[in-house]
Amino acid sequence: MGACCFNGGAREDSRGQLQNKARQRTHGHQSQHPSHQSHPNSPQPKLDINTARVHQLCTLEGIDRHLAEDIVNYRSSQGPFASVQDLLNVPGVDRKLLRRLQKLIVCNKGQSQQMEERGRNVVPASINSEVEKKHEGNVRIGSWNLKCFSVEKASNDGYRDVLCMVILENGLDLVAFQELADSEALDKICKELNNPTLRAVKSWQGKRGYWKCAVSEPTGRMYKSLEYNGFLWKESAGIIMAHSGLFQTVKLVRWPYIGEFKIGNWACTLVSVHLKATGLEEEYLEQLNAEIRSLVPLLQELGNSVQSKSIILLGDFNAGPDNRYFKDLSKKVGLNHLLPSDISTNISSRNLKGSKAYDNIWINEKVKYTGRFGVVRSHLQHELIIDDRFGGNRGTLSDHCPVWAEFYS
C-alpha cells in the first residue's frame, strides 16, 4: 500500500530518522522579531464596538476580561449595536463607564450592516467559538487549510494576527495545517505565539502558553509550488509529539502527514490529509472519489502499525461527509465524522457564509469525544490581507475556515 515510518521491519530506523527531523523543527522559539507596529505615541483609532474582539475590548480602561466577554456575547446573541448608548444594555456597563469610553469607541453602522450580512451565526450559537468556552482539562484539536501559506504571507502582520488570534481566542491546543507553501512558514507563527511582536497577541489576557511546531517533508505539489503539512501544539498544555512522518502512497496525490501525540495520559494518532480538488468543471471528480476509497486500506494498514489506537483523521477532503464513498470509513474502519454535511467550511470575501463542507474531523471509537465542535467563521479578515480577486477589499486568510473538536484527555 504505502511506505511510512510506521510500517514493517524498518519501523525503528525510519522512526529514528523522522524523529530527529522533528526535533530540528519542533524547537521552541525565544528569538525576538522586529516589530512592525506603529510608534506607541501615534494617535490610536477608535475601537468599533461591533467588530472588536475580547482582547481588544480589554485594552479599554474600565473593561476587564469578564465584561469584555459579556459585551461580545451580548453582541453575538442580540445582533450588532445600533449606537454606543446600546452598551448600557450590557450588565456591568453604567453611564459613568460609558462617559469614559465614549472618546475611545465608535459604533460603525456600516460595519454593523456588514456583520449582519456575513451571517456570523451561520454556525449554531452552541458551537460559536466566542460563546462556547473550553471545559477545563479538555483539549481542542483543529484543522486548517491555509491556502498556499508562504514565508511571505507569514511575514505579513495581517496574516500572523489573524492566525495567532484565531488559535488563542478559540482555545485551540493542537492544529493540523495543510497547504504550507514553505517549510519555514509555520515557524513564524510559532515564534509569534511564543515571543509576540503584534499588539493583539501581546495584549492577549488569557494564557498564551508555550508552542512548538513540526513540518513535514513535501507531501506533493500544489499550484506553482511544493506542499507541506504541519502540526502546531501547545507544549505547556502537556502535549508532546512522539513521532511524525509521511505515509508515502501512490494512491494519493499528496501524502498524509502522521503525528503520534501524548496529551496528558492520552495517546492519539493524527492523520492530516489534503485530498485532490475536483476542478472547476469537476473534471477530477473520479480521481477524488478514488482517493476517498483509498483511505480505508491506508487507515487499516496504519492502524496495525501505530502504538496508539485512538485515530483522528482530519483535513481538507474536498468533499462533504455525505459523499457515498465515505461510507466505508464507518463500515470498515469504524470512523465517524464530527461536522455535519450541512455546515459549510469554505469562505471568501464575496461569500462569507460559505457553501461547501470541505473540511472535517473523523474519529474512531477509541477517541473520547465531548460532543463539542466548531467552525470558525468570524475574524478571518484583515485590512493587511488584500484580495485582488474582489476589488482589493479586506481579504480572508484562506478560502477555508478552521474547524475544531473538543476531546477528553
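Biologist: Where do Asp157 and Arg160 lie, and how many residues apart are they?

Modeller: Both lie in helix 7, three residues apart, which is about one turn of the helix. Keep in mind that this is a predicted model.

Biologist: What do the side chains of Asp157 and Arg160 form?

Modeller: The general idea comes first. Side chains of opposite charge can pair when their charged atoms come close. Here, Asp157 and Arg160 meet in a salt bridge, at 3.1 Å from N to O.

Biologist: Is Asp157 buried or exposed? And Arg160?

Modeller: Buried means under 20% relative accessible area. Asp157 has 12% relative accessibility, so Asp157 counts as buried. Arg160 has a relative accessible area of 6%, so Arg160 is buried too.

Biologist: How many salt bridges does a search of the whole structure find?

Modeller: The search finds ten. One of them pairs Arg53 with Glu169, with the closest N and O atoms 3.7 Å apart.

Biologist: Which parts does the pair of Arg53 and Glu169 tie together?

Modeller: Check where each partner sits. Arg53 is in the loop between strand 2 (47-48) and helix 2 (54-57), while Glu169 is in helix 7 (residues 157-169), so the pair ties together parts 116 residues apart in sequence. Arg53 and Glu169 are both buried.

Biologist: Which residue forms a salt bridge with Glu235?

Modeller: Lys212 does, at 3.0 Å from N to O. This pair also links distant parts of the chain, 23 residues apart. Glu235 lies in the loop between strand 8 (225-234) and strand 9 (239-249), and Lys212 in strand 6 (residues 211-215). Glu235 counts as partly exposed because its relative accessibility is 29%.

Biologist: Which residues do salt bridges with shared partners join into one network?

Modeller: Arg53, Asp161 and Glu169.

Biologist: How do the lining residues divide into nonpolar, polar and charged?

Modeller: The lining of the largest pocket has 18 nonpolar, 14 polar and 14 charged residues.

Technical notes:
Residues numbered from 1 in each chain as written. Predicted model: local features only at pLDDT ≥ 70, side-chain atom pairs only at ≥ 80, totals over all residues. Heavy atoms only, no water. Salt bridge = Lys/Arg side-chain N within 4 Å of Asp/Glu carboxyl O. Helix = DSSP H or I, 4+ residues; strand = E, 2+ residues; numbered from the N terminus. Buried < 20%, exposed > 50% of the residue type's maximum accessible area, 1.4 Å probe, protein only. Nonpolar A, V, L, I, M, F, W, Y, C, P; charged D, E, K, R; others polar.
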